[in-house]
Amino acid sequence: MAAASKTLDLLVWGSTGFTGKYVARHLTDAYLPSPTSLTTTSTSTSTSPPPQPPPLRWALAGRSLPKLEALRSELSKINPAAASVPLLVASLEDSASLDAAVGSARCVISTAGPYAAIGSEVVASAVRCGTHYADLTAEIPWVLSMHDKHAKDAIKNGVKIVHSAGFDSQPSDLSVFLLAKQAREKYGVGLKEVWTLAGPAKGGFSGGTIESLLTACYENGDREMRERSSGLYCLAEASGATGGVQPVAAAAAAAAASPRGLLPRFVGPASTWTAPFVMSFINERVVRRSMALMPQLYGGEGEGGGSGSSSSSSSSSPPPPRVTEGQALPNLFAAALVSSIMGFGALLCKLPPFRALVRAVAPKQGSGPSDELCKGGNWRIDAVGVTQPDKSGKTHVVRSVAQDANRDPGYWGTSRMLVEIGVAMATQSEELERAGCLKGGFLTPATAGGTVLVERLNRAGMRFEAVDEEDKKSA
């Protein structure tokens, strides 16, 4: 569908679900005229009107008109301007109605999961209609299946498909992106090894998130696809926007030579003990895909220069940077305790009866933590990297931080992240291109949004920045 025929910038698919409602609230708060401006009269001539949000044409979409109308009524109580937000109804079983909705927008953001069950047709429609797409999935087998089916057409049509565009995996992906930029700009080299370290966080889990996690880790796809998705570099080896990233299996094996698993470990450059982090299974793989898609930024060619080669397995280049994600903990005892709990939980979740028990006691899909908990939460992720040797043969430590002191990670925060990458892809194509972002295909938050997305998140009240080594104590 030609860009000229697109009457909307952004379409929210699955807007009546638990996370979708938060997406709609963020759009109502940030991208509609403020209620004050709507009620301002001429009685006060000395007070300037409040600054208005940039114009954004957005709509709510889903399968049920009554639910959409009820949501719009709720939003109108927050801001009367929401009463004019369009509602689009489409069916997953009717490709014509789905294409009419998806094709009307420059970008569609989807919160409707589990994605393996109800997300595939939306991706297919976005690729057909030339509409950029972003979602919140951590379902790796499904992501690989979508790539297998649609990657060539997405590249051909210039469509950006960005999975895992919420808390999983924007903070990890963008933090390492900032490390790579710091290493290149300050020392002229790439990265050798990176750690993303989840710090204290406050929030909760919804029924949809728990269902998606169980599906993603234990039930998604057939046996062959699950085995493929278990590879540390499964996403990195998938062809991408460059037209086909070379396989990195040999280099990956070398980079992953040291033991992994569930044991606690001490990270020297970060001076902290760590234990496994529950979302590392998706975050690490997304970061590795960013590295495969942009080897000229991340890869460590050494000796102060990047070759720009699209092959991460070239014999003249070192292995891709090793990526490890964990929870930062104060001491060995805490790390060992968390590691034991994680290991025991992982074993139990392999048992179908235990997964059935989790589903029985967990919140039902469409419900989750209270509004007060979501809006009063917080999170922080620190990233630490060691560079390749510079011209003098010296390596350097680089650092970055991602943080939000006022939102929970899973819902109030993740929904704003999804909004901002969607708005960026819908309205800032020229800025994204100037920033070096890739133009089409199955991308990642870092390769699709880059510094443009970082700036948007910072303006939204989060903190994404590189930290100078000399200033790390004040971070």
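## Overview

Of the 475 residues in the protein, 52% are buried. The model is a predicted one. The protein has 19 helices and 14 strands.

Take the contacts between residues at least 6 apart in sequence. Of these, 81% join residues at least 24 apart.

## Helices α17 and α19

Two packed helices are described by the angle between their axes and the distance between the axes. Helix α17 covers residues 412–427, and helix α19 covers residues 445–459. Their axes come within 9 Å. The crossing angle is roughly 105 degrees. Angles of 65 to 115 degrees count as roughly perpendicular, so α17 is roughly perpendicular to α19.

Both helices supply residues to the contact. From α17 come M417, E420, I421, V423, A424 and M425. From α19 come P445, A448, V452, L453, R456 and L457. By class, the contact has 10 nonpolar residues and two charged ones. It has no polar residues.

## Aromatic pairs

The whole structure holds seven aromatic pairs. F266 and W273 form an edge-to-face pair, because their ring planes lie at 65 degrees and planes over 60 degrees apart count as edge-to-face. The ring centres of F266 and W273 are 5.4 Å apart. F266 is partly exposed, with a relative accessible area of 48%. W273 is partly exposed too, with a relative accessible area of 25%.

W379 and F464 also pair edge-to-face, with ring planes at 65 degrees. Their ring centres are 6.2 Å apart. W379 lies in strand β11, residues 379–387. F464 lies in strand β14, residues 463–467. The pair therefore ties together parts that are 85 residues apart in sequence. W379 counts as buried, at 2% relative accessibility. F464 counts as buried as well, at 2% relative accessibility.

## A ring cluster and charges over rings

Some rings join in a cluster. Ring pairs link F18, Y22, Y411 and W412. W412 also has a charged neighbour: K375 lies over the face of W412, at 5.4 Å from the ring centre.

Elsewhere, an arginine sits over a tyrosine. R288 lies over the face of Y233. The distance from the ring centre of Y233 is 5.1 Å.

Key. Residues are numbered from 1 along each chain as its sequence is written. This is a predicted model: local features need pLDDT of at least 70, side-chain atom pairs count only at pLDDT 80 or more; totals for chains, interfaces and linings use all residues. Side-chain values use heavy atoms; hydrogens and water are left out. Axes are lines fitted to C-alpha atoms, for helices over the stretch in contact, and angles run from 0 to 180 degrees between N-to-C directions. Helices (H or I, at least four residues) and strands (E, at least two) are DSSP runs, numbered from the N terminus. Angles under 35 degrees count as roughly parallel, over 145 as roughly antiparallel, 65 to 115 as roughly perpendicular and the rest as oblique. Contact means heavy atoms within 4.5 Å. Ala, Val, Leu, Ile, Met, Phe, Trp, Tyr, Cys and Pro count as nonpolar, Asp, Glu, Lys and Arg as charged, and the others, Gly among them, as polar. Rings of Phe, Tyr and Trp (its six-membered ring) pair if their centres lie within 6.5 Å; planes under 30 degrees apart count as stacked, over 60 as edge-to-face and the rest as tilted. Buried means under 20% relative accessible area, exposed over 50%, partly exposed in between (1.4 Å probe, protein chains only). A charge sits over a ring if NZ of Lys or CZ of Arg is within 6 Å of the ring centre and within 35 degrees of the ring normal.
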